[in-house]
Amino acid sequence: MGYNVTQKLIQDHLVEGEMTPGSEIGLKIDQTLTQDATGTMVMLELEAMGIEQAQTEVSAQYVDHNLIQEDSKNPDDHLFLESAAKRFGLYFSRPGNGVSHPVHMQRLARPGKTLLGSDSHTCANGSMGMLAMGAGGIDVAMAVAGEPFYVKMPKVWGVKVTGSLPDWVSAKDAILEMLRRHGVKGGVNHVFEYYGPGLKNLTAMDRHVIANMGAELGATGTVFPSDEETKRFMKLQGREDEWIELSPDEDAAYDVHDELNLSEITPMVAKPSSPGNVVPVEEVEGEGIYQSYIGSSANPGFRDFAIASKIVENKHIADGVSFDINPTSRQMLIDLSQEGHIANFLQSGGRLHQAGCNGCIGMGQAPATGRNSLRTTPRNFPGRSGTKEDSVFLCSPETAAVSALTGVITDPRKSGFDYPDVQDLDEPTVDTRLLDEPLPYEEAKEVELVKGPNVASIPEMEELPDEMELPVLLKMGDDISTDEILAGGARVLPYRSNLPEISKFTFEIVDDTYYDRAMEQRDKGGHVVVAGANYGQGSSREHAALAPKYLGMKVAVVEDFARIHWQNLANFGVLPLTFKDPAQLEEIEQGDVLVFTGLREQIKKSPVVEAEIKGRGQTIKLEHALSDRQIDIMEKGGLINWVKSRLES
């Protein structure tokens with residue numbers, strides 16, 4: 001039996017374990033990606049672990065999230081990141097150079113390589129024939145240090161692509177169709193691999209759109225082959241010599257089978273407040289909008305902007321609509337300007353923003369309370385936009401542009417407009433002047449880290465106690481996202497390098513009394529939270545594990561976890577447990593006290609852990625999925641302590 005592309009990539013990088021689905025494997029990581037919302041903590045972790053120099057082929061630090069400089073916090077942290085990139089031997093992408101994922105694809109991605117990023121949408125670079133995965137920052141720090149990345153061996157979900165996209169339908173509609181079918185947890189513990197004759201009708205940036213939102217499916221990653229289209233894209237970027245062909249064997253097998261006929265896809269939209277809440281656009285036609293937003297890593301290509309530009313050319317947006325244009329890279333912004341597309345946007349009434357993540361992460365462009373926002377971004381979890389009571393719909397650039405003109409959500413096929421004929425440029429701009437190359441080691445080791453007043457070192461983490469009585473401070477439902485655990489946005493993200501401060505925002509969307517109650521309980525032994533299925537979906541930000549840990553959370557008990565958040569909890573010494581019988585979730589109430597005895601021995605002996613509900617004489621059975629290595633990490637209080645103990649021994 002031959003191998004598919006995912007299996008080939010894993011086999012080439014396997015350093016520990018066996019390729020048996022569900023078992024833990026260790027993978028050699030060739031490249032890493034960090035951005036400023038997560039990278040500050042990664043750099044502090046490298047410092048805390050005593051790392052001298054990056055051991056990867058390529059590591060890059062991007063500044064794309066925290067671009068608003070309303071005070072000194074963000075610019076101070078940018079200087080810290082620049083100094084850390086120089087000190088540890090990383091590429092440094094300066095503010096204004098663009099969103100990490102498309103910039104990495106343009107300049108550094110290479111077929112056949114592995115990429116680990118402290119951003120869940122790192123999987124976007126699977127469009128380039130890479131195994132690209134999101135992870136918590138400390139996993140990325142370990143990879144920078146040359147350590148393997150440990151993950152459960154995924155199953156491979158083969159998606160045969162046929163046909164070609166009709167007019168008014170784009171790659172965003174294709175991935176929304178996949179989310180309509182499978183939801184936000186359908187892809188957990190799978191890599192989606194796209195193959196088949198229809199791939200010739202998808203450009204490299206189309207593939208980026210589909211791979212990017214594999215994160216919304218809950219997938220470990222998304223993989224495309226490296227073919228002639230990949231070669232064409234790399235040639236346009238002046239990097240054809242780095243291209244290799246990578247395709248599935250003729251007799252390759254897949255664990256799960258699916259087919260995506262591009263010709264049958266219609267314009268789609270994800271309704272509030274989940275990327276999995278997908279329906280055809282025609283089902284929500286006529287809904288009024290306050291905002292139409294084009295950009296983000298989920299629609300970063302020249303075509304995505306150019307087609308919107310041609311739709312609004314010589315027209316004007318509807319009264320009362322904010323038409324927000326968010327270019328995704330400096331190279332793209334230059335090309336859009338030279339081709340007249342920026343002028344089209346501006347004459348139509350559009351608002352131009354700098355190249356970066358911006359509104360996608362709630363860093364500006366927040367919608368008004370009680371008004372609908374139509375966006376080409378990848379996520380619409382509650383509060384992610386920066387507005388607590390937001391109402392965000394996700395769509396394609398075609399739908400967003402047409403709807404900006406009509407003032408209501410509109411199926412672009414029914415607009416009466418001519419479909420624009422837009423092609424990628426034959427000679428796109430290549431400009432690397434805001435992407436600084438790593439310093440040679442002899443220069444790098446002399447660099448001092450520049451720490452502003454907002455940079456706080458990571459507090460010491462205590463070991464896992466053997467006996468605990470933990471009150472349940474929160475009981476929550478299904479699909480709690482990391483945005484709900486710890487919000488993004490302009491209020492919160494500037495404190496990403498200051499754990500005591502950022503922890504004050506923990507769970508505020510769920511229960512704004514949590515912080516005070518957790519602080520009261522912290523010195524009394526800590527607490528536990530309880531939730532339903534798919535806990536921790538969304539962003540890879542490890543602050544969603546670190547902040548509750550800082551506030552005394554010792555255990556999380558849920559029906560099941562999203563992959564990255566589960567790993568983040570384990571990495572920081574918070575014990576992630578699931579119900580052996582999901583029905584027992586209903587037996588626990590907020591305010592109950594869970595009693596754990598002989599816990600360290602329990603997790604060593606068996607995957608089953610017992611806890612008593614104090615005062616009821618009732619026992620609940622829980623399970624952990626920790627490997628022996630992770631149990632050792634858990635006992636020591638987290639990965640940082642574990643690394644220190646290894647370096648000291």
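The entries below take the rings and then the strands.

Entry on aromatic pairs. The model is a predicted one, and my search of the whole structure for aromatic pairs returned 8. I looked up Y194 and F224, whose ring centres lie 4.9 Å apart with the planes at 10°, and since planes under 30 degrees apart count as stacked, I noted the pair as stacked. I then placed both residues: Y194 belongs to strand β10 (residues 190-195) and F224 to the loop between β11 (221-223) and α8 (228-236), so the contact ties together parts that are 30 residues apart in sequence. Y194 and F224 are both buried.

I also looked up F323 and F345, an edge-to-face pair with 6.0 Å from centre to centre and 65° between the planes. This pair links strand β16 (residues 322-326), which holds F323, to helix α11 (residues 341-347), which holds F345, across 22 residues. I noted F323 and F345 as buried.

Entry on charges over rings. I found K315 over the face of F417, at 5.0 Å from the ring centre, and the charged end of R522 over the ring of Y550, 4.7 Å from its centre.

Entry on the sheet. I traced an open sheet of 4 strands with parallel pairing, in the order β11-β10-β9-β12, in which β11 and β12 (256-261) are the edge strands, each pairing on one side only. Ignoring direction, neighbouring strands of this sheet are turned by 25° against each other on average. Which strand do 6 bridges join to β9 (residues 155-162)? I found β12, running parallel to β9, and for V159 I noted D258 in β12 as the bridge partner.

Notes
Residues are numbered from 1 along each chain as its sequence is written. This is a predicted model: local features need pLDDT of at least 70, side-chain atom pairs count only at pLDDT 80 or more; totals for chains, interfaces and linings use all residues. Side-chain values use heavy atoms; hydrogens and water are left out. Rings of Phe, Tyr and Trp (its six-membered ring) pair if their centres lie within 6.5 Å; planes under 30 degrees apart count as stacked, over 60 as edge-to-face and the rest as tilted. Helices (H or I, at least four residues) and strands (E, at least two) are DSSP runs, numbered from the N terminus. Buried means under 20% relative accessible area, exposed over 50%, partly exposed in between (1.4 Å probe, protein chains only). A charge sits over a ring if NZ of Lys or CZ of Arg is within 6 Å of the ring centre and within 35 degrees of the ring normal. Two strands pair if DSSP finds at least two bridges between them. Axes are lines fitted to C-alpha atoms, for helices over the stretch in contact, and angles run from 0 to 180 degrees between N-to-C directions.
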